[in-house]
Amino acid sequence: MAHLLQLLTRNPDTSGKPKINLRLIIPIIALALVVLVVALLFTQRNSTNSPQIVSQTFLQEIVATSKMSTYEAVYNGVAHVTSDENPEEILYHVSYNGTIKAGFDFSKVNIQIDHQNKQVLVTLPIAKITQTSVDITSMDFIFLEEKANTEAVSQQAYAACVKDLTRESVEQPAIRQLARQNAENAILALIDPFVAQLGDEYAVKFE
């Protein structure tokens with residue numbers, strides 16, 4: 001309950017939203033393995049003594065092999081449960097911890113090589129919320145109406161928390177923005193060694 005009181009009485013930030021803790025969840029080990037496998041394939045192709053051409057298709061195949069969530073937000077929120085008879089009457093508050101995951105379909109990343117301007121243009125699809133989950137064990141209650149404290153309250157409160165978290169995932173543009181930033185970093189790590197084969201003057205540009 002102390003945690004819930006702290007959430008309800010803390011000074012609001014500029015957005016008026018509960019606190020969101022953000023963290024990168026790109027699986028570094030998996031990313032390193034993908035880079036290693038592709039590097040080995042690239043080396044094997046070059047061992048045939050025929051010139052290896054880094055093409056748009058080749059770069060897109062590298063990215064498409066990566067199936068990663070690119071962002072996870074840890075969310076500390078408070079849901080407010082109201083009476084069915086009177087929606088303006090709050091029965092209780094419930095705090096909870098949840099997670100919001102966002103990412104991209106990497107198979108839909110489009111890559112174009114602009115030889116005239118010495119650029120590799122990478123176009124990302126729109127980031128999507130891939131998963132939301134509420135930790136039911138983290139729920140903490142403050143009852144304004146004791147009649148609401150029934151055997152079914154946990155199930156009701158959990159549904160309210162899921163609804164609140166789903167709404168919050170839609171209303172937080174920073175989640176998608178940071179998912180894009182992390183996706184750009186991941187893609188750059190994947191393709192940069194091969195873009196270098198085109199020449200030192202080539203640069204990767206995201207659109």
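User: What is the average pLDDT of the protein chain, and how much of the chain scores at least 70?

Analyst: This is a predicted model. The protein chain averages a pLDDT of 79, and 72% of the residues score at least 70. Where pLDDT is low, predicted coordinates should not be read in detail.

User: Why is S138 called buried?

Analyst: Buried means under 20% relative accessible area. S138 has 16%, so S138 is buried. This residue is found in strand β6. Leaving aside residues up to four places away in sequence, S138 touches S95, Y96 and N97.

User: Which residues touch the most other members of the largest nonpolar core?

Analyst: They are L59, Y92, V122, I187 and I191, in a core of 44 residues. The elements giving two or more residues to this core include α3, β2, β3 and α5. Of the elements, α5 gives the most, with 8 residues. L59 touches V54, I111, I113, V120, I191, F194 and V195, not counting residues up to four places away in sequence.

User: How many aromatic pairs are there, and why is the pair of F58 and F194 called edge-to-face?

Analyst: A search of the whole structure finds 5 aromatic pairs. The ring centres of F58 and F194 are 5.7 Å apart and the planes lie at 85 degrees. Ring centres must lie within 6.5 Å to pair, and planes over 60 degrees apart count as edge-to-face, so this pair is edge-to-face. F58 is in helix α3 and F194 in helix α5, 136 residues apart. Both F58 and F194 are buried.

User: Why is the pair of F141 and F143 called stacked?

Analyst: Planes under 30 degrees apart count as stacked. The planes of F141 and F143 are at 5 degrees, with the ring centres 5.5 Å apart, so the pair is stacked. Ring pairs link Y92, F141 and F143 into a cluster.

User: Are F141 and F143 buried or partly exposed?

Analyst: The cut-off for buried is under 20%. F141 has 16% relative accessibility, so F141 counts as buried. F143 has 21%, so F143 is partly exposed.

User: What makes E201 and K118 a salt bridge?

Analyst: The nitrogen and the carboxyl oxygen must be within 4 Å. For E201 and K118 the N to O distance is 3.9 Å, so the pair counts as a salt bridge. E201 lies in the loop between α5 and β7 and K118 in the loop between β4 and β5, so the pair ties together parts 83 residues apart in sequence. A search of the whole structure finds 5 salt bridges.

How values were computed. Residues numbered from 1 in each chain as written. Predicted model: local features only at pLDDT ≥ 70, side-chain atom pairs only at ≥ 80, totals over all residues. Heavy atoms only, no water. Core = buried A, V, L, I, M, F, W, Y, C linked by side-chain atoms within 4.5 Å. Buried < 20%, exposed > 50% of the residue type's maximum accessible area, 1.4 Å probe, protein only. Helix = DSSP H or I, 4+ residues; strand = E, 2+ residues; numbered from the N terminus. Contact = heavy atoms within 4.5 Å. Phe/Tyr/Trp six-rings, centres within 6.5 Å; stacked < 30°, edge-to-face > 60°. pLDDT = per-residue confidence, 0-100. Salt bridge = Lys/Arg side-chain N within 4 Å of Asp/Glu carboxyl O.
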